[in-house]
Amino acid sequence: MEPFREKAVPVQITVSRGNNLKGNKPNESFLNFVRAEFNGQVLGDSQKLDASVDLGVNYNFTCSFECSDAADTLDDVAHKPVILTVIEILPKEKKEKTAVVGQAVVDLLPLLHGQCSLSSTVLLHPTPGSSAEAAYQEGSSKVQASLDVIICVPEPLLSVVQLSESNLLKVTVETAYSIPEVWNTALGSDYVAALQIPLTAEKEETLWFSNGLLKVGGERETVGRPRKWPLGPLLAPGAQFIPASSIEGDPIELEDGDLTSIEDRDFRIDAETNKKRVSWDTERRCFLDTGGAVCLTRRIGKSRLWPVEVMRSMQAGAPKGGKPGKPATQAEDESQISFHGVAYVDMAPLLYPGARRIRGAYRLYPFYDSELLAKAKRNVSVLKESTRAPATQGRGRAPSSMGSCKAAPSKTFDSLKGGKDTKESPKKPGATVKPITAESVTEVEPQVNVEGQMYADSRTYIIIEIALEKPLVPKRPPEELAQRVKELLPPRPPLSRRPAGAERAIQGYHSQIASVAGQVLEQYKQLFGPAFLPGGEPLDPNAQEERKTQLLGELNYSGKFFAFKEQMKYSVVKIVREKMLRTEAFTDPEHLQAFLSSLHVFLVDEMHVALNKTLSVDAQESQPRPLLDCAQLRHFAREAQLSGDYQLASQYYQEQLTRERNNPSHWFDYGAFYMLSADYLKAEECFHYAVSIEQAHLRSLMMCGVLAEMGERHEEAEIFFERATCVDPTSVAAWTLFGLFYLSQDNPIQAEMAFLEASKQQCACLVVTPPCRPDTGEAGPVGEEEPEQAVPESSRTNRTDGERDGGSGSGVTGSQSSQGNRSGEDFNGGVDPDLATARLVTTPTRLNSTIYMETVQFLLQNNTLQMAQRALAQELLCPDGGLSSSYHLAMARLQLQRAEYGSAQLSLQEALKDSFQDPDVWALYGHLHYQTGEHRKAQECYERTLDFVVDASDTHPIYLRLGSIYLEEAKYEMAKRTYLRACMSTPSCLTWLGLGIACYRLGELTEAEDALTEANILNNGNSEVWGYLALVCLQTGRRPEAEQSYKYAVKLKLQKEYVLQEIKELQARVGFGNPSF
């Protein structure tokens, strides 16, 4: 480590000029000089000059001091200013020879930032009773007196390396509120706070904050009040404030200390308004070299609680007598420390990455040595240790308020390092020192701290702020994280859609037509160009044929016509091969002639299309929208997962990717599907592909982090999680997952930081977003999977009795066509997945849900069961969590996905004890019974769920499974109403199929055909749909349609034997429908 001060560096102070100075007689000139002081030493006096009323004074006074490790250290430069005092020399007839006009202070902190020179104009604060003060208060002088000062050093106090490795710590003790009622202003008392900070690896500094001002209640402390120097009283009261440094309050909920809950808010408001308080408003700066910063970090890691001791000491002339029977020195020491209390400041937040400041209200407790050792791992009181030294020198009061005791190895610090001998605690030869423990300290405590107990009874608290210029633990900037993610997963350029096969051949033909048309137009302009010039003679319409003949003759004569044919030949050959699928020669002339005729018609039609595109100025035709959009495909895929048809679900996900391959949400959905089947390699590949497409895709970043941790690639996992928190700092799930990762790495401080940030973001969201439903459970009740988004609020309103009974009409008409009104945003399952998940990830849905339950919801939706179980374990340890209904419901979902049906049933029983009217619990109970084959119990649960006033989170699987149960029990009318409600909310092939089956069994063949047609439109590969269409066509006597439907049902391998048997029996009865007849 580079030494910080190898040699002394002179610091030169130059006072060049004084402005607007006023003496004892405001309208007369006066004789004065300037005195410069630093660190309690007078640096020098300027020459005595006469100051005119309207003119300034050119002092040109220079003095200096040397900054070194022995005296006037860097720490002194950090927290002590240069004090400039303007002194007037009074006439000889006055008793006093001099009078102080005012004082100014110069902050030397810029020298520690690497500056070699600084110039400023500092205000000259008048002393009480001076003419300058009177003139300023009366308003006769609108301009305050000032001094022009220049500070310079021959070389920087810190080298570049030292500047980067050092740090600056600022400790501000603001105000103690709700102090004991026995304190009053009549007593001559001094109120002192003290704590120790390591400045170097070998030394600790005791920071003193004395001269606390006792105030009565009645009004709050003003926001933006200036901070004070730790210098004690100055001759000019205005000089005690640090320039450009003020105290800014924080909202209570964003503080780091105690008393931040909602229950404490009223008490804090009352205490800070009406009750007495002691105000310091003093800031102490500490310069930490490299060893000091490392030592501070290590000390916080060993003990996160740091004691700040508070006492009331009697001022000189009002001593408190000692107790009889004790030695004089001990009684005198105890008389100095009354109302001995301590506040334990949690310094661990300073070890959060990028953290540079903590501020909060910290409770004051009575001081006991045993508690000090147990909580802060210190065995010596700072106040007791520091007050003994002045007592031995004959002074019976607390140390001076000059900011700190002289930096020296403290007993506390040495005890942590091994207990070195110090001059302050000499040991007798041969003496044996017994180690101090909590038990031994308790034995020597003879009595209760009665005065200190008043702090606890009054709920006294003190507001303290500790700030660093640089964080102890640097935080990686977002740019670096983005670069690291880019290195791990390089971004993929968007893939342009390239036509293939017949489409590419037709596009090539169109381009050749456009090229030939352009050349023909150029030839036409060459022949008849003058007619197109301004003022030219227009062409005769009657001579159009003549111009056409002339143009064709010119093309043939020049050979361009032959060149055009050769240019078009290749594109025509491609159309014959790719579009017409002809690669062999014709043997039959008739077939050849028919083919040439069809080819000619096709080429002429496409030529017209190409010419219209080339020559027309009208808008291009828009491409027809696909029959199914990606939102419906996602809905169908999750429906297939629900029914256990994973092959069909995979086909839907692949269809999504085929349509929008550059959409990261589609890759994320595909990865979540592979998570369901525990194919983690393919799932990770999908998530990586999503991040490659969009580097800031939040959900994919989180899942990449989860899978990287599962694969024990901890460095990658940290990068992904940290990048996710940078992409969306308001994401509760991202911060919670980050905390769970740090817990697995045995890093409790970083985990605490992440969990606290998640809680803050959750509270911020709760303030903005009110809860939309009571706390009746958590998330959707699907067993194998969950839909990515919750049902919109518009579909979760209270239902009428007619709707609950299914009285929504029994007819199925073409107006209910799914392709007509169920696309895009109008489709309930078609909410933008990023927006839907953002609401789930960042916005709490219930007022008392915890960060862990919100994260569990996200993890269960994406089938991340291992991490979800760890989050549920933390929910049990959370003070706001525990064995709640939400916990049991989430645990049941987890167990149901793992097919642990017995455990899931026990969890649901516990959930029903706390929330018997929760539709999500009953829905999940129904899914449990349905998967175990207990359809009668499942029916009861589903019916109870649908009878609640508030809908369940996801009603689609409820309708599907309840409708299938009704069909099994031949309750076709009830099945029809159930499936009809499903078709109205979230239509799919299965809902229309169920409705068609119910209508067919009821003999409503027209409605059955309409419903089955809708199902066929949504999925023409469902064999059961073709089977029932064959039955309907056989019943209505339509032979061709019946045969075609039967062929498709057999081709698609209809698995339900009873449907095939019913078709064959009906075919035998009507005498048609089977092509093999």
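**View 1. A cluster of aromatic rings joins Tyr-646, Tyr-653, Tyr-670, Phe-673 and Tyr-674 through ring pairs.** Rings of Phe, Tyr and Trp (its six-membered ring) pair if their centres lie within 6.5 Å; planes under 30 degrees apart count as stacked, over 60 as edge-to-face and the rest as tilted. The count of aromatic pairs comes to 26. The model is predicted: local features need pLDDT of at least 70, side-chain atom pairs count only at pLDDT 80 or more, and totals for chains, interfaces and linings use all residues. Residues are numbered from 1 along each chain as its sequence is written, and side-chain values use heavy atoms, with hydrogens and water left out.

**View 2. Phe-38 and Phe-65 form a stacked aromatic pair.** The ring centres are 4.2 Å apart, with 15° between the planes. Phe-38 belongs to strand β2 (residues 30-38) and Phe-65 to strand β5 (residues 61-67), so the pair ties together parts that are 27 residues apart in sequence. Strands are DSSP runs (E, at least two residues) and helices likewise (H or I, at least four), numbered from the N terminus. Phe-38 is buried, at 2% relative accessible area, and Phe-65 is buried at 5%. Buried means under 20% relative accessible area, exposed over 50%, partly exposed in between (1.4 Å probe, protein chains only).

**View 3. Thr-978 lies in helix α35 (residues 972-985).** Thr-978 is buried, with a relative accessible area of 7%. Leaving aside neighbours within four places in sequence, Thr-978 is in contact (heavy atoms within 4.5 Å) with Tyr-959, Leu-962, Gly-963 and Tyr-966.
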